Amino acid sequence: MANSSYPIVSRRNSGPYVPLGMLAAAGLILMALTAIGALLGVGNPRSEGLNASLLSGNLLRVTQVAGFTFWQASLSALLSLLVALPMALTFWRRVLTSRLRILNSLSFMTIVMPTTVAVSGLLGVWGQNGFISHLMWAIGADGLSPIYGLGAVLLAHVFFNVPLMLRVFLSGLSSIPTAQWRLAAQWGLSDWQRFKLIEWPVLKKLISGLVTIVFLLCFTSFSLILMLGGGPSVTTLEVSIYTALRFEFDIPMAAFLSLVQLTICTVLVAILARFDGTGMVAIAPLVSKRLSQPGDTSRWTLLLDMGVVAAFLLLAMAPIASIMVAGLSNNLLNVIGWPAFHRALLASLVIAIASALLATALATVIAAARVRVGSAGKWLFDLAVSLYLAVSAIVFGTGLFILLRGLVDVFLIAPFMVLLANMLVALPFSYRLIQGKMAMLARSQDKLCNSLDLRGWRRFRLITFPALAPELGFAAGLSAALSLGDMTVIALFGSQQFQTLPWLLYQTMGRYRAEDAAALALLLLVLTLLLFGGFIKGAALLRGMQVDVRD
Amino acid sequence: MNIKSLYVTFFMVLCTPVLATAKPVLTVYTYDSFASEWGPGPSIEKSFEEHCGCDLQFIALDSSIGILGRVQLEGENSRADIVLGLDTNLMTTARQTGLFAPHGTSLKGRTSLPVTFEDDVFVPFDWGHFAFVYDSTKLSTVPTSLANLLSAPDDLRIIIQDPRTATPGLGLLLWIKSVYGDRAPEVWAALRPKIVTVTKGWWDSYSMFLEGEADMVLSYSTSPAYHIITDGTDRYKAASFTEGHYMQIEVAGMLKGASEPELAKKFMNFILEEGFQTAIPMRNWMYPAGRVALPDGFETLIKPEKSLLFTPDEVAANKASWVDEWQTALTP
């Protein structure tokens, strides 16, 4: 045990996390580059490959598309932030302590839905024949006109990303020690002072990470852009990558565009990483409760909160409700009886659970390594994980396919490829969710743990896990949900013998079966919710057991 | 059930079809909805297996262009014996890969296509006309020609698909090109205000149309048959255009590297027979390429007098520049 009589915090004394994390990061970077490299190496079967004339002919368009992609992603991220911040404050003030709490657990579902489903939900509310149009007709006004274009894309991106931001902000707010709220109430701080002194310092730290992830998500947005964009003028690099790869079968061009996309994203990650909070905040190791404040009962605050909750209902909840209503038809029972549904359900469940556990474990290791290295190392870890938001699944999948085609039977390994790809897609989210809390915990517990010579697995089990359990549960739940919604990789590797639920949904849509598709979409939503809830509850349960042992 | 036993079960489910097979296996790559339970795949499989003494396996990929890409990536080592679901627009490109073998089947007198089709590598299995579909309970003034559609007021809203990602989208591009030639860019510019949105796939558009997002949607002239036969409603109709309708012919081809070449030839011949063709109208919602009777409901569909179709070579030579032209015309 402690041979040294001087228990000092030292980076060399950090256990296996740093080497493990480094290994993982190196693996992640290598895998992404190999996949793109495989595309570059394959050459173009239909022409001379990536030659100068091809490039110069396309350069102008590529620049324009890249510019627009950047613009819409920045707008989307900024708008999501502007909507999510006040919502987080209101939720923290009202919703979490009331019966409305359920809203919070429903809302995240937006991010994980297959795009087609999400868009049909959005149109159920904002469409010309949607909920709002019906309301307007009821009061004698004209219905909404078509919403397509940049506005619709922004609306959809806000719908997708606000719930995610909201969750992370709330997790940050819940880490403010109760003592601070007590003090604030005693000192009679005004709403603004409280925001500035207590809430903002915590939220500020989360912003750069969140904006990064949302920006990257919107930067690589694809089907949604094509559905709501209104025409080819609203487009993204990802659309060009897809068409290069599938329509023109111009593999080197796809690889080149992927590199452009990757470069822009890397630069952005690098810049935003500089703003990552590094200051000290007092942090409670366990979730703490907010104490009510004098200003909470003022009429204006109440009114404001009601407005924000109403906006949330309209923005995030109504589309989900619309999907649920559409799915509740006679076809629902029918669909539940399909043998194909059972097979797809089993496959989806296994893949989702496995990918959730893997992604969460990997994210935890990397996050733990991140707090033990210097700023260059931190940057490396952030980059390695964020890569998989910038490398599109179709490029990654095709690259892997090219690499593996001669070596193994692609059909037999299809489930593992889907698992791997889903895990990589979930990793950036898990990592962002876990990393913030991990950093806060490290700051407050490092010295104590080192002086007690608690490290490695024991420290994780006894100290870190109980504090981190809510984030781990959320990360695993979100990963499982993301994996349930994935459609890209399965489409590349899929076969009749191996089907997941989204793939089944996709097949149903191909044959006019609108009601069956709606029923399947509803089932997918419910399953997502169950899995997500299961992981949250599971983590809470495990944490309870751990706390018992410790006592 | 714990996770481990779940995974074991899962793996067994996965491996069953592989282990259970002792007969020769004929592998057919096709697009997703063809192989699905509601597509023609299962019934075709059943009727072919009655005679062949083999196991016919469909492998579903995400689109017809996806099938070709997959086969190109796999090259000589492809598992596929047959590729089913390309169309005339992809034929030349597919032929140029050098991966396909002659089918050795006689097509003469066996097809019911509105145009002549002779090819030694590809066998047609179904066809259809592209058309704009509308809801007759909502749209009163229906355009009767492309020219009519162009001059209609801008509150006539249509949804179309992207020619780079969806077959009907490419179909409309070629339709306009074959009617207007060099004037295509101005036609697209005139159409632009009427286009609500351009989607990635056919279903995205079609479901938006069903939800009331537009007056007309680019689809097939056979789409109303689905609503008549399955939903029992004739409210959805296809608009008949006097300039003629562009058509799509879907084809199959066998690969040089087929591991079961004799079986593959047998299947290529089977494509135009009754056991295959009767599955097409009500499961793929297209016209069968062979000579079989059509189910009730199909007689109510529009019958374009003129079928427009570029040769596969023309499409292969010009597709890229025409798509560029389209993109420029629709970008303000």
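## Ground rules

Two strands pair if DSSP finds at least two bridges between them. Helices (H or I, at least four residues) and strands (E, at least two) are themselves DSSP runs, numbered from the N terminus.

This is a predicted model, where local features need pLDDT of at least 70 and side-chain atom pairs count only at pLDDT 80 or more, while totals for chains, interfaces and linings use all residues. Residues are numbered from 1 along each chain as its sequence is written, and chains are lettered from A and ligands numbered from 1 in the order in which they are written.

## Strand 3 of chain B and its partners

Let's start with strand 3 (residues 82-87) of chain B. On one side, strand 1 (residues 25-31) of chain B pairs with strand 3 of chain B in the parallel sense, over two bridges. Here B:Val28 sits opposite B:Ile82 of strand 3. Strand 3 of chain B also pairs with strand 10 (residues 245-255) of chain B, this time in the antiparallel sense and over five bridges. In that pairing B:Leu86 faces B:Val251 of strand 10.

How many residues of strand 3 of chain B are buried? Six of the six are, so the strand is largely enclosed by the rest of the structure. (Buried means that 20 or more other C-beta atoms lie within 10 Å of the residue's own; 12 or fewer is exposed, in between is partly exposed, and C-beta atoms are placed from the backbone.)

## Helix 4 of chain B

Helix 4 (64-74) of chain B is mostly covered too, with eight of its 11 residues buried. Among them are B:Ile65, B:Leu68, B:Arg70 and B:Glu74. The cover includes helix 10 (237-247) of chain A, and from chain B strands 1, 2 and 3 plus helix 5 (88-96) and helix 7 (167-180).

The axes of helix 4 and helix 5 of chain B come within 11 Å and cross at roughly 0°. (Axes are lines fitted to C-alpha atoms, for helices over the stretch in contact, and angles run from 0 to 180 degrees between N-to-C directions.) That makes the two helices roughly parallel; the label covers angles under 35 degrees, with over 145 roughly antiparallel, 65 to 115 roughly perpendicular and the rest oblique. B:Ser64, B:Ile65 and B:Leu68 of helix 4 meet B:Leu90, B:Thr93 and B:Ala94 of helix 5. (Contact means C-beta atoms, placed from the backbone, within 7 Å.) By class, that is four nonpolar, two polar and no charged residues. (Ala, Val, Leu, Ile, Met, Phe, Trp, Tyr, Cys and Pro count as nonpolar, Asp, Glu, Lys and Arg as charged, and the others, Gly among them, as polar.)

## Helix 8 against helix 14

Elsewhere in chain B, the axes of helix 8 (residues 184-191) and helix 14 (residues 312-330) come within 8 Å and cross at roughly 40°. That makes helix 8 of chain B oblique to helix 14 of chain B. B:Ala184, B:Pro185, B:Trp188 and B:Ala189 of helix 8 meet B:Glu325, B:Trp326, B:Ala329 and B:Leu330 of helix 14. Seven of these residues are nonpolar, none is polar and one is charged.

## Where the chains meet

The contact between the chains takes 52 residues from chain B and 49 from chain A. Helix 1 of chain B gives the largest share of the chain B side, seven residues. That side divides into 25 nonpolar, 15 polar and 12 charged residues.

As for chain A, it has 21 helices and zero strands, and 51% of its 551 residues are buried.

Conventions: Two residues are in contact if their C-beta atoms, placed from the backbone, lie within 7 Å.
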